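Please have the sequence and the 3D view at hand.

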Amino acid sequence: MPRLHVEGWEPVSVELGWTLLEACEEHGIPMDSACGGFACCNACRVEVLRDGGLSPLQAEEEPFLDAPGQRLGCQAEITGDADIRLAPGM
Ligand code: FES
């Protein structure tokens with residue numbers, strides 16, 4: 001199982017194909033999701049701290065991101081070990 005490390009929390013084991021939002025919800029890590037995971041609120045934005053471990057950036061995410069390395073937690077799927085920092089809002 002891949003390992004997800006969210007800065008400030010202990011690393012957790014997660015399922016391949018889960019979104020970051022699903023993984024955080026499963027493990028009690030407080031990632032916001034005001035729109036319910038439909039890529040329209042930006043509350044789930046994260047900074048990726050290490051390359052790899054996530055699905056490719058989706059076009060739906062781009063309007064919400066203002067720096068390289070950011071993703072929407074509800075759209076980024078886990079493909080391997082990943083390290084992130086929660087960075088909601090703008
Ligand atoms: S939960 Fe709203 S954009 Fe991800």
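Predicted model: local features only at pLDDT ≥ 70, side-chain atom pairs only at ≥ 80, totals over all residues.

Residues are numbered from 1 along each chain as its sequence is written, and side-chain values use heavy atoms, with hydrogens and water left out.

**Strand pairing around β3**

- Helices (H or I, at least four residues) and strands (E, at least two) are DSSP runs, numbered from the N terminus.
- Two strands pair if DSSP finds at least two bridges between them.
- Strand β3 (residues 45–48) runs antiparallel to strand β4 (residues 70–72), and three bridges join them.
- β3 also pairs with strand β5 (residues 82–86), again in the antiparallel sense and over three bridges.

**Salt bridges**

- Side chains of opposite charge can pair when their charged atoms come close.
- A salt bridge here is a side-chain nitrogen of Lys or Arg within 4 Å of a carboxyl oxygen of Asp or Glu.
- Searching the whole structure turns up six salt bridges.
- For accessibility, buried means under 20% relative accessible area, exposed means over 50%, and partly exposed lies in between (1.4 Å probe, protein chains only).
- One of the salt bridges joins R3 and D83, whose closest N and O atoms are 3.2 Å apart. R3 lies in strand β1 (residues 3–6) and D83 in strand β5, so this pair ties together parts that are 80 residues apart in sequence.
- R3 is partly exposed, at 29% relative accessible area, whereas D83 is buried at 17%.
- R3 and D83 also belong to a network of salt bridges that includes R50.
- E7 and R85 meet through their side chains in a salt bridge of 2.7 Å, N to O. Because E7 lies in the loop between β1 and β2 (12–13) and R85 in strand β5, the pair ties together parts that are 78 residues apart in sequence.
- R85 meets E47 as well, in a side-chain salt bridge of 2.9 Å, N to O. With R85 in strand β5 and E47 in strand β3, this pair ties together parts that are 38 residues apart in sequence.
- E7 is partly exposed at 38% relative accessibility, R85 is partly exposed at 30%, and E47 is partly exposed at 27%.

- R45 is found in strand β3 and is buried, with a relative accessible area of 7%.
- The side chain of R45 makes a polar contact with the side chain of Q70, at 3.3 Å.
- A polar contact is a pair of N or O atoms within 3.5 Å; within protein, one must be able to donate a hydrogen and the other to accept it, and residues adjacent in sequence count only if both atoms are side-chain atoms.

**Cysteines**

- How many disulfides does the structure hold? It holds zero, a disulfide being a pair of cysteine sulfur atoms within 2.5 Å.
- C41 is partly exposed, with 26% relative accessible area, while C44 is buried at 4%.
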